[in-house]
Amino acid sequence: MRIAVTSFEVFPFAKTGGLADVTGSLPKQWRAMGHDPIVIMPMHRSIDRAKYNIRSTQKTLFVPMGDTTEFALLLETTIPGTDVPVYLIEHNDYFDRPGIYGNPEGYEDNDKRFIFFSRAVFEVCRALNFSPDIIMANDYHTALVMPFLQLQERRNALFHTTAGIYTIHNMGYQGISSLGNTLYWSGLTRSPYFRTEHIEAYGLANYMKVALFYADRITTVSPGYAHEIAYTEHGHGLNRFVQYRGRDFHGILNGVDYSEWNPETDARIYERYSPQTLRLKTRNKVGLLHEHYGLPAAEAEQDIPLLGMISRLTDQKGIDLVEAVIDAVMRNHDVRFTLLGSGERRHESFFRSLQHRWPGRAFVTIGYNDDLSHKVEAGADIFLMPSKFEPCGLNQMYSLKYGTVPVVRATGGLADTVTEWDPYTGTGNGFVFQPFDAGHFGWAIERALQAYRSPAAWKKIQLNGMLADHSAERSAAQYITLFEEAVEFYR
Ligand code: ADP
């Protein structure tokens, strides 16, 4: 199958979250299965041209915008270690900027940037004479690819039999912007089939909503989250539009790219280990505390449980709960805490001050650091993820693979992947709580610390997680089944 994946961020070129991990790994898997994927993304300023060997294709794109045409250059490379082509759209006005979405607030002209990119995707296919069986759009940034396909491109031979797949990675961000601007720049109203109510919500444009109308199939990143966005407040107002799509809507659990995230092969961690050599994991804790954070070796070598977190510091991730319990946990237990994250300023300053309140026990890095994130996964004993909502969540799956026992709230993909440890049956791979409050979270941490004191039980919990298969191969195969069903309609 010829599959065009469109995304505003793709690992390793540009990443702010799980979206990039998924759009970087699925095409690799599809290629390995014998399919023909290409990736299309913007050429952001932060992308390292030399490192990724990004070259010009010598092709110019002519992209309709409003009543005019804009120009862009088409660059190319491949996903490192594969022959999957990656096409990057170079347009300096829109993409040569310090941040992908904003700096740090969203750019005022994000609507134009998203419309431009979504329109340009078709020009890329034209320039390459690539007739996709599937165009996949991800989240609100590329949502307009779906109505553009159905309303503006369907009659062209190249896209006559192309099915549009829309994947929701997070329903909490829907792409709300000015309706007038969006209708003008997108040209959607030129189609007699388009109705403004398909994109309008409360007088504004809602990009996710319009994709729900025009995609052939809609997916989201876990079965649990699929249920939640159709039937609970996590649908953020779009529930009934999801429900309308009935059987066109599926939850496919994200998979882990084990070529990036595997303690047996991970070159970024201090010492590699496997289920058979689990005792070596502790050298990663010592490495993180001593070599990275400068704790004296004798202290770093003490057997004290290390609670870890890697997270965007936003309310979605349950940071308030962490802030509510962490001082009490530090006071009542002989534990250490480490956090890698960035986000809202009030959360950043809380964790900076936590580090000063608990010298030698709390280790905090505010910022984004791929390398350190691997070291935290390998070094921590317990991983905290008390999210308010979590479409899929990747870090709990990385944690399982690294024998770092997750403590999670039962929501979305967390509920699909982490189960409570049961000492009587020896089943379960972590600790789970349900009501979103500090008391239940604190109690789940207590249970984890109690289990940690029993080495045999702890090892069993770790192995239950490490031996489970959450590979991207599995999820890639599920997408292909769905793609085949979707293209059938146009054949
Ligand atoms: P989300 O996409 O909602 O942020 P996910 O758990 O799906 O959450 O994916 C987050 C991804 O971003 C993971 O790969 C995680 O390791 C990474 N990540 C988050 N914050 C940081 C950070 N400060 N430094 C490095 N990686 C981070």
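Tutor: Begin with the element names: helices (H or I, at least four residues) and strands (E, at least two) are DSSP runs, numbered from the N terminus. Residues are numbered from 1 along each chain as its sequence is written. The model is predicted, so local features need pLDDT of at least 70 and side-chain atom pairs pLDDT 80 or more, while totals for chains, interfaces and linings use all residues, and side-chain values use heavy atoms, without hydrogens and water.

Student: In which loop is Pro12 placed?

Tutor: Pro12 sits in the loop between β1 (2–6) and α1. The peptide bond that joins Phe11 to Pro12 is cis, with omega about 5°. A cis bond also links Asn103 and Pro104, where omega is about -5°; Pro104 belongs to the loop between α2 (92–95) and α3 (110–128).

Student: Which phi does Asn53 have?

Tutor: Asn53 is not a glycine, yet its phi is positive, about 55°. Asn53 lies in the loop between β2 (36–42) and β3 (55–65).

Student: Which residues come nearest to the ligand?

Tutor: A residue is near a molecule if one of its heavy atoms lies within 4 Å of it. There are 18 residues around the ligand, and Lys15, Gly18, Asp21, Arg312 and Gly367 come nearest. By class, the shell has 5 nonpolar, 9 polar and 4 charged residues (Ala, Val, Leu, Ile, Met, Phe, Trp, Tyr, Cys and Pro count as nonpolar, Asp, Glu, Lys and Arg as charged, the others, Gly among them, as polar). At least two shell residues come from each of α1 (18–32), β13 (306–313), β14 (336–343) and α14 (395–401), and β13 gives the largest share, 3 residues.

Student: What lies 2.8 Å from an oxygen atom of the ligand?

Tutor: That is a polar side-chain atom of Lys15. For Gly18, a polar backbone atom is 2.6 Å from a ligand oxygen, and for Asn395 a polar side-chain atom is 3.1 Å from one. The ligand taken alone exposes 560 Å², of which the protein buries 94%; such areas come from the Shrake-Rupley method with a 1.4 Å probe.

Student: At what angle do helices α4 and α6 pack?

Tutor: Axes are lines fitted to C-alpha atoms over the stretch in contact, and angles run from 0 to 180 degrees between N-to-C directions. Helices α4 (residues 145–153) and α6 (residues 207–214) pack at about 45°, their axes 8 Å apart. The two are therefore oblique (under 35 degrees is roughly parallel, over 145 roughly antiparallel, 65 to 115 roughly perpendicular, the rest oblique). α4 passes α6 in a left-handed crossing, meaning the near helix is turned anticlockwise from the far one by less than a right angle.

Student: How far apart are the axes of α9 and α13?

Tutor: The axes of α9 (residues 281–292) and α13 (residues 370–379) are 7 Å apart, at an angle of about 130°. α9 and α13 are therefore oblique to each other, and their crossing is left-handed.

Key
Polar contact = N/O pair within 3.5 Å; in protein donor to acceptor, adjacent residues only side chain to side chain.
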